[in-house]
Amino acid sequence: MACCCGSAACVCCCNCCPNIKQSTGTRIMYAIYFLLVTIVCVIMMSPKVEKEMRENIPFYDQMCEKSEENCRTLVGYSAVYKVCFGMACFFLFFAIFTIRIHNSTGWRAAVHNGFWLVKFIVLVACCAGGFFIPNEEVFLEAWRCIGAGGGFIFLLIQLMLLVKFAHRWNTNWSSGVTHNRLWYAALAFVTLMLFSAAVGALVFMGVFYTDTEACLLNKVFLGINGSLCLFVSLLAISPCIQKLQPTSGLLQPGVISVYVMYLTFSAFSSKPKEIVERNGVNTTVCVFPINFGTESDKQIVSAVGAIILFGCVLYSCLTSTTRRSSAALRVYGNSEPEIERARCCFCCGDDTDDYDEEKTGGGQNVNYDEREGTIYGYACFHSVFFLGSLYVMMTVTNWFHYDNHKIENFLDGSWSVFWIKMVSCWVCLVLYMWTLVAPMVFPKRFEA
């Protein structure tokens with residue numbers, strides 16, 4: 001009750017649960033809120049939802065007989081826009097409310113770290129309030145423009161996080177090589193698997209997403225992206241880079257290459273289909289080769305895309321604002337990886353950290369790790385969630401093409417999505433190349 005209705009830290013009731021840091025518990029709770037609303041948005045875009053509502057809700061047809069338009073707004077793209085508008089307002093308010101909080105002892109920090117039931121009710125009220133906004137057409141058009149801008153900014157944050165993740169992974173595992181050679185074997189194995197996946201994806205797209213008579217853009221961009229991945233891989237192990245960054249290796253370009261290949265594949269799947277005439281018959285070319293049923297390729301890509309979407313959004317929101325994550329890009333010339341403790345789950349906080357521990361009535365113990373200072377920026381954290389809300393809204397509604405849209409086809413037939421994802425490939429590669437050459441361009445800034 002103190003956790004739900006008061007300022008107590010979020011904990012589990014069972015004392016067999018492992019110790020939890022106050023900062024970690026808070027971020028997990030906000031992530032759960034975010035995930036719940038995202039799942040609701042995905043459900044609203046399903047064409048099966050309206051059918052189930054019509055069949056299972058008593059008197060649904062009678063209620064909607066005179067207000068069919070209002071009933072239709074409960075599902076579809078307009079409902080997603082309104083729900084995400086409420087979630088975005090919720091996180092925007094907390095982003096403003098938590099500006100310049102430096103420790104967890106003030107009343108604003110107590111609101112941020114507690115009162116979870118109250119905040120959940122407020123979040124539900126915000127999402128429901130979006131359905132009462134007047135001038136729906138004007139609102140949807142204006143909110144679409146705002147969502148497109150905010151979603152693209154979040155996509156850039158996600159790409160920056162990916163680059164940080166690659167550097168963090170390599171630095172952490174490399175630190176264990178001097179103490180245990182098995183870490184070197186693990187590093188080599190994972191690197192080999194990453195490049196195998198990237199090369200396999202490149203060959204797959206070269207075989208099935210190109211054609212001798214069509215798909216010119218596919219051929220050009222496949223060659224460009226493949227060449228850029230090879231270039232950054234060679235650059236990462238070049239002597240000039242190794243001299244300034246001894247921890248630079250092939251693991252980072254392996255991660256980047258796999259992600260670029262995924263974005264390329266997703267972009268090709270999002271592009272409108274091309275049709276050529278062969279033997280007097282119109283034939284669709286450059287499509288997914290496996291066919292288990294009607295539009296099975298779109299369903300497979302949509303399912304994989306949804307899984308990656310949830311993973312990237314939650315990981316970005318949970319780690320992109322931490323000080324440790326921000327330090328991942330500090331590739332100083334004399335960095336000392338031996339002070340790192342190599343761990344398989346290197347993304348999680350180091351369990352050797354020592355903080356004041358407090359009993360919570362026989363339940364889970366809480367480490368109050370922010371009494372001296374905050375571990376992450378509260379306002380920045382909520383800002384990331386605000387942009388993440390816009391990104392989810394635009395992704396689920398297929399960015400600009402939302403009319404008569406269905407979740408099963410949210411990666412199909414849109415030049416907007418194609419160019420957004422293709423540009424994202426290049427931005428990701430440019431960001432990674434900058435982390436490699438920055439110490440050469442500004443050597444004094446990267447000195448200890």
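Me: Which residues have the most contacts inside the largest nonpolar core?
Reply: In this predicted model, the largest nonpolar core has 48 residues, and those with the most contacts inside it are Y30, V80, F91 and M393. Two or more residues come from each of α2 (22-44), α6 (77-97), α8 (116-129), α9 (136-175) and α16 (378-396). Apart from this core lies another, of 40 residues, including V177 and L222.

Me: What does M393 touch, not counting residues up to four places away in sequence?
Reply: On that count, M393 touches V80, Y81, C84, W143 and G147.

Me: Why are C215 and C286 said to form a disulfide?
Reply: Their sulfur atoms are 1.8 Å apart, and a disulfide requires a pair of cysteine sulfur atoms within 2.5 Å; the pair therefore meets the criterion. The structure holds 1 disulfide. This pair links distant parts of the chain, 71 residues apart: C215 is in the loop between α10 (182-208) and α11 (216-236), and C286 is in the loop between β3 (281-285) and α14 (296-319).

Me: What makes the disulfide of C215 and C286 right-handed?
Reply: The torsion about its S-S bond is about 125°, so the disulfide is right-handed.

Me: How do you know whether C286 is buried or exposed?
Reply: Its relative accessible area is 11%, and buried means under 20%; C286 is therefore buried. C215, at 1%, also counts as buried.

Methods. Residues are numbered from 1 along each chain as its sequence is written. This is a predicted model: local features need pLDDT of at least 70, side-chain atom pairs count only at pLDDT 80 or more; totals for chains, interfaces and linings use all residues. Side-chain values use heavy atoms; hydrogens and water are left out. Helices (H or I, at least four residues) and strands (E, at least two) are DSSP runs, numbered from the N terminus. Buried means under 20% relative accessible area, exposed over 50%, partly exposed in between (1.4 Å probe, protein chains only). A nonpolar core is a set of buried Ala, Val, Leu, Ile, Met, Phe, Trp, Tyr and Cys residues joined through side-chain atoms within 4.5 Å. Contact means heavy atoms within 4.5 Å.
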